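User: Hi! Could you walk me through this structure, beginning with the surroundings of the ligand?

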Amino acid sequence: MTIVPYRRSVGHNAAISAIGRRRTRDRQTAVMLAGPGILLLFILFILPAIAVFAIAATDWQLGAKSFSFVGLRNFELLWQDADFWHSMINTLAFVSVCVPVTVGLGLIVALLIEAESGFRAFYRAVHFLPFMATMAAAAIAWESLLHPTIGLLNQILRSFGVQDTNWLRDENTVLPVLGAIFVWKNLGYAMLLFLAGLKTIPSDLYDAAEVDGADGPLSRLATVTLPLLGPIAMFALVVVALRAFEVFDIIKVLTQGGPGKASEMLLYTLYVESFEYLRTGYGAAVSVVFLLIVIGLTLLQVFVLDKRVHYQ
Amino acid sequence: MASISLDGIGKSFGRTRVLKRISLDIRDGEFLTLVGPSGCGKSTLLRIIAGLELQDEGSVRIGDRAVDGLPPKARDVAMVFQSYALYPHMTVERNMAVPLVMRRLGALQRMPLVGRLAPGTERMRASIAADVRKVALALGIEPLLARKPGQLSGGQRQRVAVGRAMVRQPAVFLMDEPLSNLDAKLRVSMRAEIKELHAKLGVTFVYVTHDQAEAMTLSDRVDLMIDGELVQIAPPQVLYNDPDHVNVAAFVGSPSINLVQATALSEWLASAVRWAGDAGNLDGVTIGFRPERLSICNEGTAGSIAGRIRLVEHLGADRYVHIDIARTERPLIVRTHPHDGPDLAPGATIALQAEPKDMLVFDAAGRRLRKRPCDATEILIARSSA
Ligand SMILES: Nc1ncnc2c1ncn2[C@@H]1O[C@H](COP(=O)(O)OP(=O)(O)OP(=O)(O)O)[C@@H](O)[C@H]1O
Ligand SMILES: [Mg+2]
């Protein structure tokens, strides 16, 4: 009789220590599995980000042997720099027009492709090709299309009696043209996202809508399709916005920010400041602004929009 | 309220013929259940009645009009889907309001913001909200009106789906396996609620299920479909006691009917039904015994067939005894009361008896053979002398 509780408590302790051992083992496994990823994340993203923040607080010039800390001086300069603001406004204008247009057109094309039954794969491929193409190569094609004298566009317009425009050298047309190229390039991506999204809508919902009386194309869209594409649309908006903020290659290849600074945008300014004027500290300050925008967009998606558009 | 009449409905998907000239009359206010194994075309038939699918041949009448050319919304039918198909982005209230909004408001009035300005919208919206609330109260889902489907349990979603079907007071309710996503207990209670709902509304219900308990308990008539064909339409009791086809007999009833090749029973039949003929005439004939229509007796009783107990299952009120008899592959299952009959232990040799009138006789094609209802004796005797 006296032995039983004693043995029981031994068993009890043994169980506790077994659970403890198992916890330790679980933790070790977790570290082993996540460790490499975290390490890589640290080396590839967090360290550089910290470095950028640090460099932004110096007056370092690329290649210079010495530098000194200047605190927020670079940001002050940035704040007063009309060129930076010009570039910022260009970027914001570019983003605020191109993103809705790209996503909107992507949605429309996806809906049209989904409604069509015959050549679905063909249309999908055609629209997705620009996204797969290297921008540098595609830019050359665009350059020849837009060439003021021998370009196809002007030749066509000429036959309608429209005067020649030097599309990439005119400060009134350069941004819209770059915007159009951006839309052309990213449309397929948005379309693909929407096509995937359309596939996930249960056909029962369309049936229910039909029985309920929402059987016209527009009321179907309003009752089922668009609301259910909400999460995808959100994702597409953020991803395309990120791509629009970091537009660089078309500027570098086609305009170098010109004419004047008419087509300069944030990432291009960053590049010029850092690698042409070698003002690395100042360039880093631009990077910080850029990073904040990107982080802001991401947080917006994670915390605000995700909550509002997910249903389950 | 409306009757439904199907006339020679046929439907193929590509090369597969899913429905084969189905004709069927459903009375006004009737509760008709379509049952059948998976893939036999029940959903397809229901969707054709709803107008979600177009038939290749034949015509559908609801009430006194042919509805073949009409879209679902004009057919005055409501449908409850197996998946419930609730709009995930809308609250329960808005979900239930959709059929009314689509009917009572014009396109302009339905628009967000702008619609508010159109004349009469406010009043319409208020009357819709009142109607929705009334139905919600009746179904006991009023506290859920502000929630979204994602925040509801399966049973609650099911009720909302029924509510959405009810709000506009359709003449016909179509339900496609509405309970199949619920757990067994909830299914039984929702089954009762659906029956009450039918009694209360008094409109025509067409209900698809492959749960025979649902079919048997709910329906005025059950329509058994196999491979795109109607095999038998009858009240549940008739389907059980007097099946037209061996498939019907096999589908209805749990534990299912014992089907035995008549040739395996020829000696027994000679003594039990005084059948004295050539065994060749029994080729292909199948005899069915309901488990509760077989009785266990002592070995050697006149007119009985010997067997050996393989297994005894106790189910509380019932006891299922599995009995092997000579020349059959599967054991026969006998349903007895726990205290009836001799002591039953696996391995014991006993004997089985059955009344001739309880034998269901089917020919090689599976069709029921009956001269007069349930008179197995005469059929067998007639065949043996033929
Ligand atoms: N849209 C379709 N395209 C091609 N075949 C289809 C389509 N819908 C149904 N079928 C086929 O038609 C047959 C009948 O389908 P149906 O959905 O009516 O069966 P069911 O009796 O409702 O089965 P279950 O009990 O599994 O729901 C099946 O063989 C199915 O594969
Ligand atoms: Mg089905």
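Predicted model: local features only at pLDDT ≥ 70, side-chain atom pairs only at ≥ 80, totals over all residues.

User: How do the residues of the shell around ligand 1 divide into nonpolar, polar and charged?

Analyst: Residues are numbered from 1 along each chain as its sequence is written, chains are lettered from A and ligands numbered from 1 in the order in which they are written, and side-chain values use heavy atoms, leaving out hydrogens and water. The shell, meaning residues with a heavy atom within 4 Å of the ligand, includes Phe13(B), Glu177(B) and His210(B). It divides into 3 nonpolar, 2 charged and 6 polar residues, with Gly counted as polar.

User: Which helix of chain B gives the most to the shell around ligand 1?

Analyst: Lys42(B), Ser43(B) and Thr44(B) are among the residues surrounding ligand 1. With 3 residues, the top contributor is helix H1 (residues 42–50; a DSSP run of H or I, at least four residues).

User: How far is an oxygen atom of ligand 1 from an N or O atom in the side chain of Lys42(B)?

Analyst: Polar contacts here are pairs of N or O atoms within 3.5 Å. A backbone N or O atom of Cys40(B) lies 3.2 Å from a ligand 1 oxygen, and a polar backbone atom of Gly41(B) is 3.0 Å from one. For the Lys42(B) side chain, the distance is 2.7 Å.

Conventions. Polar contact = N/O pair within 3.5 Å; in protein donor to acceptor, adjacent residues only side chain to side chain. Helix = DSSP H or I, 4+ residues; strand = E, 2+ residues; numbered from the N terminus.
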